[in-house]
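Hi,

Here is the structure I said I would pass on to you. Have a look at it first, and then read on for what turned up when I went through it.

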Amino acid sequence: MTENILEVRDLVKHYPVTRGVVFKKTIGHVKAVDGVSLELKAGETLGVVGESGCGKSTLARVLMNLERPTAGSVNYKGQDISKLSGGALRRLRRQIQLVMQDPYTSLNPRMTVGDLIGEPFEIHPEVAPKGSRRDKVKELLDLVGLNPEHINRYPHQFSGGQRQRIGIARALALRPEIIICDEPVSALDVSIQAQVMNLLEKLQAELGLSYVFIAHDLSVVRHLSDRVAVMYLGKIVEIGTEDEIYERPTHPYTQALLSAVPVPDPTLRDQKAIIRLTGDVPSPVSPPSGCRFRTRCWKAQDVCAEQVPLLEIRSGSDHPSACHFAEKREIVASHEV
Amino acid sequence: MSDILVSEQSKPGAAGSGRPSGRLLEVEDLRVEFRTRDGVAKVINGVTYHVDAGETLAVLGESGSGKSVTAQTIMGILDTPPGFVTGGQVRFHGKDMLTMSAEERRRIRGEGIAMIFQDALSALNPVFTVGFQIAEQFRIRRGLSRSDAKKRAIEMLDQVKIPNAKGRFSNYPHQFSGGMRQRAMIAMSLALDPEVLIADEPTTALDVTVQAQIMDLLAELQRERQMGMILITHDLGVVADVADRIAVMYAGRIVEEANVYDLYAKPAHPYTMGLIDSIPRMDERGQQLRTIKGLPPNLMNIPPGCPFNPRCPMAQPVCREKLPPLLQIGTDRASACHFAEDLVNRD
Ligand SMILES: Nc1ncnc2c1ncn2[C@@H]1O[C@H](COP(=O)(O)OP(=O)(O)OP(=O)(O)O)[C@@H](O)[C@H]1O
Ligand SMILES: Nc1ncnc2c1ncn2[C@@H]1O[C@H](COP(=O)(O)OP(=O)(O)O)[C@@H](O)[C@H]1O
Ligand code: SF4
Ligand code: SF4
Ligand SMILES: [Mg+2]
Ligand SMILES: [Mg+2]
C-alpha cells in the first residue's frame with residue numbers, strides 16, 4: 001500500500017466551559033474531539049461523516065494546527081505538526097490547506113479575487129516571486145474553471161458555486177499535498193454541488209492531492225471517498241473502505257445513519273427498512289459513560305454503560321468498529337438500483 | 001383527475017365566481033416582483049399548482065427559484081414592499097384570497113392554511129414558553145379558558161411526540177434541541193387543525209436521523225388529519241420518500257408537474273433530467289457526475305424565450321424566441337418545454 005502522508009494518534013481537543021465574568025471558573029469541558037486516530041494515505045480521499053456537533057470541524061482545525069490539540073499528535077511525514085511553531089510550522093502549513101463550507105463568509109468581501117487567491121503568496125513569497133503572481137493567479141482561476149479575466153472582481157459578484165471555486169483556488173495556490181475540505185459543497189444546490197465535486201476529483205487526479213473530505217451528506221462522501229470514518233460525539237465509531245462502511249457497516253450508529261438517508265427513488269419507498277433512532281445526540285460536555293451511543297442504541301446491554309468499546313476489528317468483521325456487539329446488517333437504503 | 005394544470009381552469013365559471021371548484025387550494029398564474037434599488041426582480045412569473053385534501057404536493061427547486069415567495073404569498077406574509085403581487089389568484093375552496101378582506105384572510109390563516117419553516121428558532125418567539133405560544137392560539141382563536149387551553153397545548157406537544165409534554169410545556173424555545181423545536185413548531189401550526197399545511201424546507205437544517213423522525217411525524221399527522229400538504233424542498237431524496245405529486249420550479253415558473261413515479265422514471269423537462277442526473281449516486285463512485293452547466297438566471301434579466309435555454313443541452317433556435325407554456329402531456333402530467341412530447345416518448 002502507499003505511504004501514510006498523515007498519521008493522527010489519540011487526538012483530543014477539549015474546550016473549557018466557564019461561568020462568571022470577572023473570575024472565570026471552569027465548570028466543565030466540551031469534549032469536541034476525544035481520542036481520534038486515523039491515517040491519510042498519499043493520493044487518497046478519506047471521508048469523515050457524522051451529525052452536527054460531533055467534532056468534524058474541530059478535527060479539521062486541529063489537523064491544520066489552527067488550534068493546538070489538548071493531547072495527541074498529528075504526524076505529517078514523521079513530524080508532529082502539533083508541536084511545531086514559528087518558521088517550521090509556516091513551512092509545513094504550506095502542505096496542508098483548508099477549504100471551508102461557507103462560500104459567503106469565508107472570503108473577505110473587500111478583496112478582489114486576484115488579491116484573495118494571491119494572498120498566500122504574501123506569506124510564502126518563495127512559491128511565487130512578486131512579478132509572476134498575477135500570472136499564477138490567472139492560471140489558478142483557469143484551473144478551477146473560472147474566467148481569468150475576472151481577476152479584478154469582488155466575491156459578491158460571484159455565485160455560491162463560483163465562490164467555492166475561489167476558495168479552492170486559494171487553497172491550491174501554495175501547491176499543497178493535502179487539502180482538508182470541511183463541508184465544501186453543503187451550502188450548494190445539487191446541480192452546482194455536482195460541478196464542484198467534479199472539480200475536486202479532477203484536481204486530485206491532475207495534482208496528486210490527498211483529501212480529508214468532511215461532510216454530513218453520506219452520498220456525497222461515498223461518491224468521493226476511498227475510505228470513510230464515521231464520527232459520533234468526538235470519537236470515530238467505525239472506519240474502513242468505502243465498501244466496508246457502506247455495504248458492510250457493523251456499528252449500529254453507522255447502520256442507522258445509512259438507513260436514514262433518503263434515496264432518490266420513489267419505487268424503493270416501502271422497501272426500505274429504516275432504523276429509527278429516538279432522541280437527540282447527548283451533550284459533548286457530559287457524554288454517556290461507556291459507549292457514547294448507548295442512549296440511542298437499540299442493542300445496548302449493561303456492558304455498554306461500563307466499558308468503552310475500542311475501535312478495533314472483531315471476529316466476523318473486516319474493519320474496525322467501536323461496538324461491543326459489532327455485526328453486519330443489510331442496509332437496503334445504501335444500495336442504488 | 002386530469003384537468004389539474006394549465007390555464008383551462010380560468011374558463012368562465014371556474015375562477016372568481018366564488019363557487020367552490022372542488023379544489024382545496026389552487027394557485028393560478030401567480031406573478032410576484034420585488035422592486036428594489038437595483039431594479040425589478042421578476043421572482044414569480046406565472047406559477048400554477050394545487051393541492052387537494054389528503055395529498056402531498058412537493059415543490060422542488062433550487063435556491064432562489066421562488067418556492068418560498070410563492071408560499072409567503074399564499075399565506076399573505078409577502079414582504080411588501082419590496083414584494084408586489086402583479087397577477088394571478090390564490091384560491092382556497094374556490095375563493096380568491098388575494099382579493100378577499102383582511103378579516104376573511106386572517107380567519108383562513110391557521111385554521112385553513114398553516115405553515116412551518118426551515119428555521120424553527122426564528123418562527124418561535126424566544127421570550128415566551130413553547131407551551132404558552134401554543135395555548136394562546138386556543139385562547140384567542142377558540143376562546144378556551146386558560147386551563148383548557150393549557151390542556152390542549154399539552155395534548156398537541158404529546159401528539160408531535162415531545163417526551164414528557166407536561167414538563168416541557170413551560171420550557172423556552174432555546175431549551176429545546178433542533179429536532180424538538182421543529183416538533184414544537186409543527187404542534188403550533190397544527191393547533192387549529194388546518195386543512196392545508198405548507199412545510200417550507202422543514203428538515204433542511206436537521207441531521208439525517210432527526211430528519212427521518214420529523215418526516216415520519218409529518219406523514220403520520222397528514223394521514224390522520226387528511227390534510228393537504230405542500231412540501232417545499234430542494235432534496236430529491238426527501239421528495240421520493242413522501243410526495244404524491246411534484247411541481248418543479250425554475251426561475252419563478254413551474255416547468256414540470258407529474259406524479260412522483262413518472263417524474264423520477266421519465267422526467268419530461270431537461271431541467272428535471274439535469275437535477276436527477278446531478279445527484280451523487282452511491283454506486284457510481286469515481287465517475288464524473290453529470291451536471292447542469294452554468295447558473296440560474298438573474299431574475300432582473302431573465303433570458304427571452306425559454307428561461308432555461310442558456311443551460312439546456314437540448315436547446316434549439318425556437319427556445320431563444322418562444323416561451324414554452326406549461327402544457328399537459330398525456331393524462332396527468334405537464335411540462336413547459338417545446339420538446340416535452342419527444343422526451344416522454346423516448347425509450
Ligand atoms: N471554540 C469552541 N469553544 C467551545 N466549544 C466549541 C468550540 N468549537 C466547537 N465547540 C463545540 O465542540 C463540538 C464539536 O463542534 P464542531 O464544530 O467540530 O462540530 P461539527 O461536527 O463540525 O458540526 P457541524 O456538522 O454542525 O459543522 C460542538 O459541541 C461545539 O459546540
Ligand atoms: N424580501 C425580499 N426582497 C427582495 N428579494 C427577495 C425577497 N425575498 C425573496 N427575494 C428574492 O426572490 C427570489 C425567490 O426567493 P425564494 O422564494 O426565497 O427562493 P426559494 O426557491 O429558495 O425559496 C430570490 O431571487 C430572492 O432573492
Ligand atoms: S457498544 Fe453497545 S451501546 Fe454501543 S453501539 Fe455497540 S451495542 Fe450499542
Ligand atoms: S424549451 Fe428548449 S431550452 Fe427550454 S427546456 Fe425545452 S429544449 Fe430546453
Ligand atoms: Mg462543522
Ligand atoms: Mg426558500
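A:Val49 stands opposite A:Val230 in S9 of chain A. That contact belongs to strand S3 (residues 45-49) of chain A, which is joined to S9(A) by 4 bridges, with the two strands running parallel. Before you go further, bear in mind that this is a predicted model.

Strand S3 (residues 56-60) of chain B is joined to S9(B) by 4 bridges, and the two run parallel. Within S9(B), B:Val248 is the bridge partner of B:Leu60. S9(B) is also joined to strand S10 (residues 253-259) of chain B, this time by 6 bridges and antiparallel. There B:Tyr250 stands opposite B:Arg253 in S10(B). The hairpin of S9(B) and S10(B) has 2 residues between the strands, and B:Ala251 takes a positive phi near 45° in it.

How covered is strand S9 of chain B? Mostly: 6 of the 6 residues in S9(B) (245-250) are buried. In a regular strand, side chains alternate between the two faces of the sheet. In S9(B), B:Arg245, B:Ala247 and B:Met249 point one way, while B:Ile246, B:Val248 and B:Tyr250 point the other way, and all are buried.

Now for the rings. Over all chains there are 7 aromatic pairs. One of them is A:Tyr232 with A:Tyr253: the ring centres are 4.6 Å apart and the planes are at 55°, so the pair is tilted. A:Tyr232 sits in strand S9 (residues 227-232) of chain A and A:Tyr253 in helix H9 (residues 252-260) of chain A, so this pair ties together parts 21 residues apart in sequence. A:Tyr232 counts as buried at 2% relative accessibility, and A:Tyr253 is buried too, with a relative accessible area of 0%. Ring pairs also bring in A:Phe293, which forms a cluster with A:Tyr232 and A:Tyr253.

In chain B, B:Tyr271 and B:Phe308 make an edge-to-face pair, 5.3 Å centre to centre with 70° between the planes. Why does this pair tie together parts of chain B that are 37 residues apart in sequence? Because B:Tyr271 lies in helix H11 (residues 270-278), whereas B:Phe308 lies in the loop between H11 and strand S11 (327-329). B:Tyr271 counts as buried at 1% relative accessibility, and B:Phe308 counts as buried at 3%.

There is a charge over a ring in chain B as well: the charged end of B:Arg35 sits over the ring of B:Phe84, 4.1 Å from the ring centre.

Last, the ligand. Which residues are closest to ligand 3? Of the 13 residues that surround ligand 3, the closest are A:Cys291, A:Cys297, A:Cys304, A:Cys323 and A:His324. By class, the shell around ligand 3 is made up of 9 nonpolar, 2 polar and 2 charged residues.

Over to you!

Cheers

Technical notes
Residues numbered from 1 in each chain as written. Chains lettered and ligands numbered in written order. Predicted model: local features only at pLDDT ≥ 70, side-chain atom pairs only at ≥ 80, totals over all residues. Heavy atoms only, no water. Near = heavy atom within 4 Å. Nonpolar A, V, L, I, M, F, W, Y, C, P; charged D, E, K, R; others polar. Phe/Tyr/Trp six-rings, centres within 6.5 Å; stacked < 30°, edge-to-face > 60°. Buried < 20%, exposed > 50% of the residue type's maximum accessible area, 1.4 Å probe, protein only. Lys NZ or Arg CZ within 6 Å of the ring centre and 35° of its normal. Pairing = 2+ DSSP bridges.
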